[in-house]
Amino acid sequence: QVQLVESGGGLVRAGGSLRLSCAASGRTFSPFAMAWFRQAPGKEREFVATIRRSGGSTTYANFVEGRFTISRDNAKNTVYLEMNSLKPEDTAVYYCAAGPVTSTTIRAYDYWGQGTQVTVSS
């Protein structure tokens, strides 16, 4: 099976930037589509971004509004989420996930990381 570990979260002021990383181990990384989800306190987990195995096709949630970029480095078995122009409403635990195909739904993904906290102050 695949193990996923997120890192890079922290505290940032509104308008600032963070780069999240998700390192994979276990089974090979390259056959999997990867995604980022987030969950704020008291809210459902929601889709953020996904990327195909090749890295050539990406999909973002509407609230991203061009501010985030998902990318992957298969040689390093790592997927990234570059977040710019952060807003207080972006505050959440961010999770990475791996699955056979790209999807915006939670049930499509087989493996999940433990999450990394992102806090954006106003």
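Start by selecting Gly16, which sits in the loop between strand S2 (10-13) and strand S3. Strands here are DSSP runs of E with at least two residues, helices are runs of H or I with at least four, and both are numbered from the N terminus. Before you click further, know that this is a predicted model: local features need pLDDT of at least 70, side-chain atom pairs count only at pLDDT 80 or more, and totals for chains, interfaces and linings use all residues. Residues are numbered from 1 along each chain as its sequence is written, and side-chain values use heavy atoms, with hydrogens and water left out.

**Stop 1**

Is Gly16 buried or exposed? Gly16 is buried, because its relative accessible area is 17%. The cut-offs are these: buried means under 20% relative accessible area, exposed means over 50%, and partly exposed is in between (1.4 Å probe, protein chains only).

Try the distance tool on Gly16 and Met83: they are 67 residues apart in sequence, yet their C-alpha atoms are 8.4 Å apart in space.

**Stop 1: Ser85**

Ser85 belongs to the loop between S8 and strand S9 (92-99). With a relative accessibility of 41%, Ser85 counts as partly exposed. Check the backbone angle too: phi of Ser85 is near 50°, a positive value in a residue other than glycine. For background, most residues other than glycine have a negative phi.

**Stop 2: along strand S3**

Next, select residues 18-26, which make up strand S3. Two residues are worth a click here.

- Ser21 lies in strand S3. Ser21 is buried, since its relative accessible area is 19%. Leaving out residues up to four places away in sequence, Ser21 touches Val5, Glu6, Ser7, Trp36, Thr78, Val79 and Tyr80.
- Ala23 is in strand S3 as well. At 38% relative accessibility, Ala23 counts as partly exposed. Not counting residues up to four places away, Ala23 touches Gln3, Leu4, Val5, Asn77 and Thr78.

How many residues separate Ala23 and Val79 in sequence? The answer is 56, while C-alpha to C-alpha they are 6.7 Å apart in space.

**Stop 3: the loop between S7 and S8**

Follow the contact from Ala23 to Asn77. Asn77 is in the loop between strand S7 (68-73) and strand S8 (78-83). Asn77 is partly exposed, with a relative accessible area of 29%. Asn77 has a positive phi of about 55° although it is not a glycine.

Lys76 is found in the loop between S7 and S8 too. This residue is exposed, because the relative accessible area of Lys76 is 58%. Draw a line from Lys76 to Ser30: the two are 46 residues apart in sequence and 9.9 Å apart in space, C-alpha to C-alpha.

**Stop 4: Thr50**

Select strand S5 (residues 46-51) and pick out Thr50. Thr50 is buried, with a relative accessible area of 2%. Where does the side chain of Thr50 reach? It goes to the backbone oxygen of Met34, at 2.8 Å. Beyond residues up to four places away in sequence, Thr50 touches Met34, Ala35, Ser57, Thr58, Thr59, Ile70, Thr102, Ser103 and Tyr109.

**Last stop: zoom out**

Now show the whole protein chain as a cartoon. You'll see zero helices and eleven strands. A compact globule of 122 residues would have a radius of gyration near 14 Å, and the protein chain has 13 Å, which agrees; this radius is taken over C-alpha atoms, and the globule rule is 2.2 Å times the number of residues to the power 0.38. The C-alpha atoms fill a box of roughly 40 × 25 × 25 Å, taken along the principal axes.

Colour by burial and you'll find that buried residues make up 43% of the 122 residues. Finally, look at contacts between residues at least 6 apart in sequence: 56% of them join residues at least 24 apart.

Definitions and conventions. Contact = heavy atoms within 4.5 Å. Polar contact = N/O pair within 3.5 Å; in protein donor to acceptor, adjacent residues only side chain to side chain.
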